[in-house]
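Have the sequence and the 3D view ready as you read.

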Amino acid sequence: MKLLLLFSLFVSSLFGSEDAELQKMVGRMLLVGFADESINEKSQIVGQIQKYDLGGVILFDRFYNDRNKTKNISSPEQLQKLTASLKSFSKKPLLISVDQEGGKVARLSPKYGFEATPSASRVAQLDAYMATHVYNALARTLVHNGINCDFAPVVDLGVNPDNKVIYGLGRSYGSSSKEVIKYAKIMMTSLKNNNVISVLKHFPGHGSSLGDSHEGFVDITNTWSKEELEPYKELIASGDAAMIMSAHVFNSNLDATYPATLSHNVNTKLLREELGFDGVLVSDDLQMGALASRYTLEEIVTLSINSGVNMLLFGNQLASQDIDKLVEVIVSGVKKGSISLERIKESNERIEKLMQRYKF
């Protein structure tokens, strides 16, 4: 009886250790938002980083539903303390990311004491020398404040004047793929020279859309053109693209069933096999209405991971996602075979390779 009890305990501990290892592999694939300006050893995000070896965090200046309330960024001094704390609590290299494009999409804003960066549409009016000056300054600001991953540049073509989320906010360098490639590469070079990861977005192209994927379903079937792939082709071929962000847009010509983030046709067949991308593919925020209004959490994580997405972004701006529950859902999917363990392993390898490339 005693031997049977000891054997049962041994088996339980064995599977428990396997579960813990799988949880950490899943954790490396997560990039999450949290609600604090400052943290300590008792903070929830610190517990999550240490329990799951989270791959990264994303910082925001304000809460989405309360623009008067500070979230993670209020001043250079505060941000420097926060990012230093995040790094100190993480045993593994941690991506500390922001959306710092310039213009209206800038979490490090001049109103908090950071140096201003013009929008992409303004930068595109400058010559290469001045654009380099602008982006060198941006890169230095990021490094000085502990940011090592910037969700920029936007390489969507500004081909639709009625597009409010890209064209309307001045986030595109222009309607010509040649111009977009030129200025995107300048920004990427400045970031790389300062050891900051750049993230091309939004694959396979959001510039021709009429809707906003934050709010709901966006169909680009009748507006998208193959020219929108040109920046990705060029920047992948040149070796500049280390990280790419998927878009939640639907194009029946690319996939008759799923939007890009959930599409094996888009993320594996097109991006990996046809365009030759071997870096890290991160999802756009998986809490956006384009997905959250049509799919369950289990469907979203299962389809996105199996499609070829390596890092899952939960900004916790549009909703609040319990990280323990999220990890549990993914681990459960792996155990029952609905989520490919090989995809989990492959994603961890790609993430590790990225961290090594930037010597984090």
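## A buried pair

In this predicted model, the side chains of D99 and K201 form a salt bridge, with 3.0 Å from N to O. The term salt bridge stands for a side-chain nitrogen of Lys or Arg within 4 Å of a carboxyl oxygen of Asp or Glu. D99 sits in the loop between β5 (95-98) and β6 (100-102), while K201 belongs to strand β10 (residues 200-203), so the pair links distant parts of the chain, 102 residues apart. Strands (E, at least two residues) and helices (H or I, at least four) are DSSP runs, numbered from the N terminus.

Are these two residues buried or exposed? D99 counts as buried at 10% relative accessibility, and K201 is buried too, at 2%. Buried means under 20% relative accessible area, exposed over 50%, and partly exposed in between (1.4 Å probe, protein chains only).

E101 is buried, at 7% relative accessible area. Through shared partners, salt bridges join D99, E101, R107, R171 and K201 into one network.

The structure holds 14 salt bridges. One of them pairs K335 with D19 (2.9 Å, N to O). K335 lies in helix α11 (residues 323-336) and D19 in helix α1 (residues 2-28), so parts 316 residues apart in sequence are tied together. K335 is exposed at 54% relative accessible area, whereas D19 is partly exposed at 25%.

## How to read the values

Residues are numbered from 1 along each chain as its sequence is written, and side-chain values use heavy atoms, leaving out hydrogens and water. Local features need pLDDT of at least 70 and side-chain atom pairs count only at pLDDT 80 or more, while totals for chains, interfaces and linings use all residues.
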